[in-house]
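Here are a few friendly notes to read alongside the picture. Keep the 3D view open and follow the points in order.

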Amino acid sequence: VSKTALVVDDSATMREMVSYTLKQAGFEPLTGGNGQEALDKLTGQAVDLIITDLNMPVMDGLSFIKAVRARDEYRFVPILMLTTESQADVKAQGKAAGATGWLVKPFNPEMLLQVIGKVVPKS
Amino acid sequence: MEIMPEHDLSTSTTSQDDAHIASLARTLSADPAMLERLQSCRETVHETLHDQFRVVTSDLEQLRGILSDAASKLSGAISVMNASTSELNATVRHLQETPELPALVRLTEIAEGMTSTTGMTVQSLQFEDMATQLLQHVSRRLAILESFSKDVAVIHPTPDHTLPYLTQTDLDMLEATVARYRQQLDSASHKAVQQQSLDSGDIELF
């Protein structure tokens with residue numbers, strides 16, 4: 001049974017690149033163009049991993065993570081922030097919101113898969 | 001108190017000191033304090049515009065670097081993929097004629113090379129997202145500057161090259177406007193993209 005990952009980014013290219021990489025690792029990717037869209041897709045959907053951007057229209061990554069963590073069923077789902085931002089204070093906000101890890105764009109597919117291997121429990 | 005409109009400050013330089021302004025004001029029957037404030041406003045506006053255009057130029061230069069890096073990496077990836085595909089086809093043809101272990105090993109190496117090159121392509125294609133964010137940053141700054149430039153137009157000399165006719169209230173408003181825009185531009189200084197190239201970014205697990 002393949003695992004499911006939710007990819008949230010306002011850039012279609014980024015969603016495509018992350019989804020492509022996740023498929024190589026056997027994930028079935030779901031996508032959302034912003035935090036609100038992703039939250040709507042999450043309802044009733046079991047996911048093993050969430051990868052989200054920070055700066056997005058409608059609902060940004062920090063608000064999205066807080067909303068996800070507020071739902072009991074997603075409290076322990078690994079959430080990786082994938083963003084161009086690398087400032088320490090912004091990272092601290094991500095950590096406080098409930099992110100599991102922080103990756104600065106652009107990502108290297110091999111490295112991303114290694115990180116995923118560390119944060120997603122083996123089935 | 002008003003500044004007399006017949007005075008022309010368009011040739012004034014930013015290095016004018018207090019005495020010079022006072023002397024100029026006496027000669028032209030204007031209030032030196034107001035002239036000084038107006039001159040200070042003009043200097044602040046020119047300085048702000050100069051600084052902001054420098055920032056925008058720097059952002060565009062960063063964008064140029066990222067696009068150039070992406071084009072170079074993608075072009076390199078295409079060359080590698082082309083060469084790999086040619087070698088792959090030749091090796092398969094050879095295997096069809098004489099199956100042997102070294103050729104099979106080489107096939108595996110080529111496949112690994114192609115996976116690695118695909119990874120480089122995935123990394124390089126992320127330029128679009130970074131470029132978009134940089135351009136949004138530039139657009140936001142230019143929009144503020146456009147509005148700023150309109151709202152402080154009163155400092156420009158009139159068509160007959162004399163100072164604009166300003167009251168004390170006008171000057172107070174002008175100073176407040178300049179201060180407000182400088183604050184707005186400062187708060188727009190946060191730039192999400194700091195990367196200069198498409199090398200992969202840092203990773204941190206909490």
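**Notes on the sheet and its helices**

1. Strands pair if DSSP finds at least two bridges between them. One such link joins A:Ile50 to its bridge partner A:Ile79 in strand 4 of chain A. Helices (H or I, at least four residues) and strands (E, at least two) are DSSP runs, numbered from the N terminus.

2. A word on the source: this is a predicted model, where local features need pLDDT of at least 70 and side-chain atom pairs count only at pLDDT 80 or more, while totals for chains, interfaces and linings use all residues. Residues are numbered from 1 along each chain as its sequence is written, chains are lettered from A and ligands numbered from 1 in the order in which they are written, and side-chain values use heavy atoms, leaving out hydrogens and water.

3. Is strand 4 of chain A mostly covered or uncovered? It is mostly covered, with five of its five residues buried (under 20% relative accessible area, with a 1.4 Å probe and protein chains only; exposed is over 50%, partly exposed in between). A:Ile79, A:Met81 and A:Thr83 point one way from this strand, and A:Leu80 and A:Leu82 the other way.

4. Now zoom out. Six strands make an open sheet with mixed pairing, in the order 2(A)-1(A)-3(A)-4(A)-5(A)-1(B). At the edges, pairing on one side only, are strand 2 (27-32) of chain A and strand 1 (203-205) of chain B.

5. Strand 1 (residues 3-8) of chain A runs parallel to strand 2 of chain A, joined by six bridges. A:Val8 has A:Gly32 in strand 2 of chain A as its bridge partner. Helix 2 of chain A packs on the sheet, touching strand 1, strand 2 and strand 3 of chain A; contact means heavy atoms within 4.5 Å.

6. Helix 2 (residues 35-42) of chain A also packs against helix 3 (residues 61-69) of chain A, at about 20° and with axes 9 Å apart. Axes are lines fitted to C-alpha atoms, for helices over the stretch in contact, and angles run from 0 to 180 degrees between N-to-C directions. The two helices are therefore roughly parallel (angles under 35 degrees). A:Gly35, A:Ala38, A:Leu39 and A:Leu42 in helix 2 of chain A meet A:Phe64, A:Ala67 and A:Val68 in helix 3 of chain A.

Methods
Angles under 35 degrees count as roughly parallel, over 145 as roughly antiparallel, 65 to 115 as roughly perpendicular and the rest as oblique.
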